[in-house]
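Hi there,

Here is the structure I promised to pass on. Have a look at it first, and then read on for what turned up in it.

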Amino acid sequence: MSLVGLFEELNGLSRFELGGKGFGLVQMTAMGLPVPPGMIIQTEACKQYYRQGGKMPEGLLDDVRKKLAMLEAKTGKRFGDPSNPLLLSVRSGAPYSMPGMMDTILNLGMNDKVAEGLVKLTDDPRFVYDAYRRLIQMFGRIAMGVKGERFERELEAVKHRLGVKSDVEIPASEMRKLVEEFKKIVREETGREFPQDPWEQLRMAVEAVFKSWNNPRAVEYRRYYKISEELGTAVNIQTMVFGNLGENSGSGVGFTRNPATGERRLYGEYLPKAQGEDVVAGIRTPLPIEKMSPELYRQLEDVAEKLERHFKDMQDFEFTVENGKLYMLQTRNGKRTAQAAVKIAVDMVHEGLITPEEAILRIDPLELNQLLHRRLHPDIKVNPIAKGLNASPGAATGVVVFDTDEAAERGSRGEKVILVRPETTPEDIKGIIAAQGVLTSRGGMTSHAAVVARGMGKPAVVGCESIRINMDEGYFKTAEGLTVKHGDVITIDGGSGQVFLGEVPTVEPELTGELNELLAIADRYRRLGVRANADTPQAAEKARALGAEGIGLCRTERMFNAPDRLPIVREMIMAADDEGRRKALEKLLPFQVKDFMEIFTAMRDLPVTVRLLDLPLHEFLPPPDQILKEMLELVNKPGKEAELAEKQALLRKVQILHEHNPMLGHRGCRLAVTHPEIYVMQVRAILTAAIEVRRRIGSTAKIQIMLPLVSERNELAYLRSIIDDTARKVFEELGEEIDYKVGTMIETPRAAITAPEIADVADFFSFGTNDLTQTTFGFSRDDVEAKFMANYLTKKILPSNPFETLDVKGVGFLVKHATSEGKKRNPRLEVGICGEHGGDPASIKFFNESGLDYVSASPYRVPIARLAAAQAALEVREKIPITI
């Protein structure tokens with residue numbers, strides 16, 4: 001079966017066969033929109049090319065020749081015929097949108113003879129030689145490996161010599177000379193002439209598109225977005241239309257809705273006398289689409305409405321106007337900010353275009369991170385040093401970096417950088433990924449920088465024409481003459497387009513009305529509860545505001561480490577006997593009561609799971625090197641003998657408590673078995689605080705007391721008896737009781753395997769998947785991620801980092817076993833998860849399938865978990881119609 005077909009022959013095939021671009025062209029052709037005719041080489045051809053070691057599939061080019069003959073018959077033009085030439089564009093087209101990551105060649109079929117013939121046909125030599133030099137420039141760079149900078153330097157030199165700013169001001173005679181200079185560059189760089197045979201051009205262009213599937217920027221983009229390497233790209237071969245033909249021509253990019261805000265109105269940009277690559281490359285700053293002629297604007301509005309009705313999503317489309325006639329060159333589901341995605345989904349439900357279920361499934365939960373960007377503090381009045389276009393919202397602060405490789409390298413070290421460029425190109429992808437935000441002096445709202453930054457949720461200010469960037473010297477100057485150097489700190493506000501010198505204070509984000517509405521829909525579908533990991537009242541309040549239904553993990557280590565408590569904790573550790581420890585713990589009790597009262601007040605009427613002390617005691621003592629240094633300073637100092645003796649005792653205690661592997665040592669419930677008085681104090685504080693809050697405000701949190709690192713049923717049984725005994729005493733002292741539950745974290749393989757026995761004495765389980773992953777793999781997370789995890793992922797030894805997305809085969813097996821067997825033994829057992837995986841959508845899907853009752857995540861992951869839990873539920877049960 002042929003892998004090549006004309007647009008009108010391929011209706012019914014999927015985007016995985018046709019690529020996203022080809023799928024859009026086929027659909028628009030079927031809709032009757034004005035699409036220049038063309039053909040598509042399906043993605044399977046690219047897959048075969050790589051399977052055969054970089055060899056063209058047999059018969060592929062013959063099929064292309066056959067379809068090209070049909071195009072010639074349809075257009076009345078002939079490929080390579082100077083008297084009436086057919087020129088082509090050759091574009092990549094992956095199943096998932098990868099803007100600018102692969103390659104495009106325009107004006108294919110142009111050569112010396114065709115150029116002469118076109119001059120006679122059009123009587124417009126400037127247009128002809130502009131098209132010719134563009135072909136040599138693109139083809140030389142993409143198909144022949146010439147460095148693009150050589151062409152750019154030559155073009156800039158011509159403009160400088162002529163005293164003009166834009167390439168549209170270069171006259172025909174100079175364009176013709178430029179063609180010859182470009183051919184000379186190709187010859188010098190490759191040792192070959194620029195091919196004059198149109199068929200050789202086409203063959204090389206098709207192969208170049210196949211090769212672009214695995215170019216470094218495309219590989220990096222797929223890695224970032226977790227797009228499969230196996231999909232391949234289609235090749236779209238289409239009849240050229242020319243936006244650079246004259247005053248009544250141009251090219252543009254449009255969106256059926258605003259991709260930054262989601263507002264329902266036509267949005268886009270138009271560049272007169274230009275080909276499409278000029279718009280997206282950001283070489284010239286285009287005009288707003290509203291500046292087009294009223295008739296063309298009306299036609300685009302009509303096209304936009306038809307596209308949305310057909311695709312039922314916001315569309316990003318490219319178009320060209322040739323001598324006043326509109327042609328559609330591409331449509332795809334548009335990249336958008338999370339703010340826009342949510343608003344568009346909710347609005348389309350109200351408009352009747354999509355169902356509530358479709359709205360939920362349409363949003364990538366991880367994109368909600370964008371809505372939780374910090375923004376500039378509204379009360380801080382700072383004068384901007386420059387203003388550009390507000391291409392992608394959010395505020396970002398970092399040091400100015402001009403080089404993409406430097407941005408990537410510094411970003412990998414955790415440094416915050418702002419990538420500053422005249423414009424970005426697809427080669428800048430790794431720098432954009434690493435940067436906090438992007439600032440460009442050229443380009444529009446549909447330029448490469450704007451589109452990619454929006455897709456990644458990175459703040460971006462583009463087209464900031466008031467700054468002059470000196471890449472060689474490493475600085476930029478503002479219109480007022482202020483010089484900002486490499487390494488200086490700036491803040492950009494992608495919401496307003498403003499640039500500020502230095503760091504500007506920011507404030508926490510708030511949920512929009514549309515997001516609240518979307519999450520309310522999601523809450524009606526999801527089965528899993530969603531709680532938060534929080535151990536301060538501020539975090540608890542934020543979690544509740546973001547929709548958390550309780551706290552799934554309240555750590556108590558922070559309460560011990562606070563500066564006003566640490567000396568008391570150390571007094572407890574240094575105590576010589578149980579009595580001394582109890583006295584120190586009595587001093588800690590009021591602090592713990594106060595801490596818990598604040599959290600229980602914030603979470604009244606909701607469950608709060610308090611994890612009792614987990615850290616080993618030596619974590620609360622200074623490191624031995626520090627103690628030795630302090631001892632040396634005291635030696636031979638009169639009057640310091642007592643202090644020196646204290647340091648010596650402290651060093652001895654540190655040495656006694658030293659462990660070769662603290663993670664698997666004397667910590668968690670094991671420490672409490674040795675020193676139960678620590679947990680007795682904490683339980684007293686928890687129950688006293690809960691009762692006191694109820695007395696003050698009429699209700700309190702639902703208390704759940706969680707023991708860490710249990711591996712054996714008898715550990716939990718022993719400690720539960722102490723907790724229950726302590727509770728009885730507290731209730732007698734206070735004269736009233738309160739309900740509470742006792743459970744354990746499941747964070748060792750043995751605990752998961754023996755879950756039925758542990759369930760006999762537990763009210764709930766909570767999987768600590770961070771430690772469960774470490775103990776199942778035998779990994780030390782910090783060491784593994786620092787030393788070889790990246791290598792494992794690159795070599796595909798592991799499909800993903802198991803500390804980010806749950807290892808379903810190993811850790812997941814234990815989770816599923818412990819959940820099902822634990823609930824069989826104890827039907828009232830509640831099961832949740834409080835590791836970082838509780839905020840990962842792929843892991844949440846597994847937890848939903850495994851029968852867990854809730855997930856718990858950091859406060860700012862709560863909206864993500866709510867949406868992901870709804871999506872997981874929709875995948876496993878029938879859709880239930882609801883209205884909003």
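**The open sheet**

Five strands make up an open sheet, in the order β8-β7-β6-β9-β10, and the pairing is antiparallel. (Strands are DSSP runs of E with at least two residues, helices are runs of H or I with at least four, and both are numbered from the N terminus; two strands pair if DSSP finds at least two bridges between them.) The edges belong to β8 (287–288) and β10 (325–333), each with a single partner strand, so one side of each has no neighbour in the sheet. Strand β7 (residues 267–272) pairs with β8 in the antiparallel sense over two bridges, and there Glu 269 stands opposite Pro 288. In general, strands of a sheet pair through backbone hydrogen bonds.

Before you go further: this is a predicted model, where local features need pLDDT of at least 70 and side-chain atom pairs count only at pLDDT 80 or more, while totals for chains, interfaces and linings use all residues. Residues are numbered from 1 along each chain as its sequence is written, and side-chain values use heavy atoms, with hydrogens and water left out.

**Around the sheet**

Helix α11 (residues 294–311) lies across β9 (315–322) and β10, at about 30° to β10. (Axes are lines fitted to C-alpha atoms, for helices over the stretch in contact, meaning heavy atoms within 4.5 Å; angles run from 0 to 180 degrees between N-to-C directions.) In the loop between α11 and β9 you'll find Lys 312, whose phi is positive, near 55°. Most residues other than glycine have a negative phi. Lys 312 counts as partly exposed because its relative accessibility is 35%. (Buried means under 20% relative accessible area, exposed over 50%, partly exposed in between, with a 1.4 Å probe and protein chains only.)

Leu 709 also isn't a glycine, and its phi is about 65°. Leu 709 is buried, at 3% relative accessible area.

**Inside the protein**

Which residues have the most contacts inside the largest nonpolar core? They are Ile 41, Leu 108, Met 110, Leu 202, Phe 210, Ile 237 and Phe 600, in a core of 221 residues. (A nonpolar core is a set of buried Ala, Val, Leu, Ile, Met, Phe, Trp, Tyr and Cys residues joined through side-chain atoms within 4.5 Å.) Helix α26 (residues 676–697) gives the most to this core, with eleven residues. A second, separate core has 27 residues, including Phe 23 and Phe 317.

Finally, nine of the nine residues of helix α17 (residues 448–456) are buried, so α17 is largely enclosed by the rest of the structure.

Cheers!
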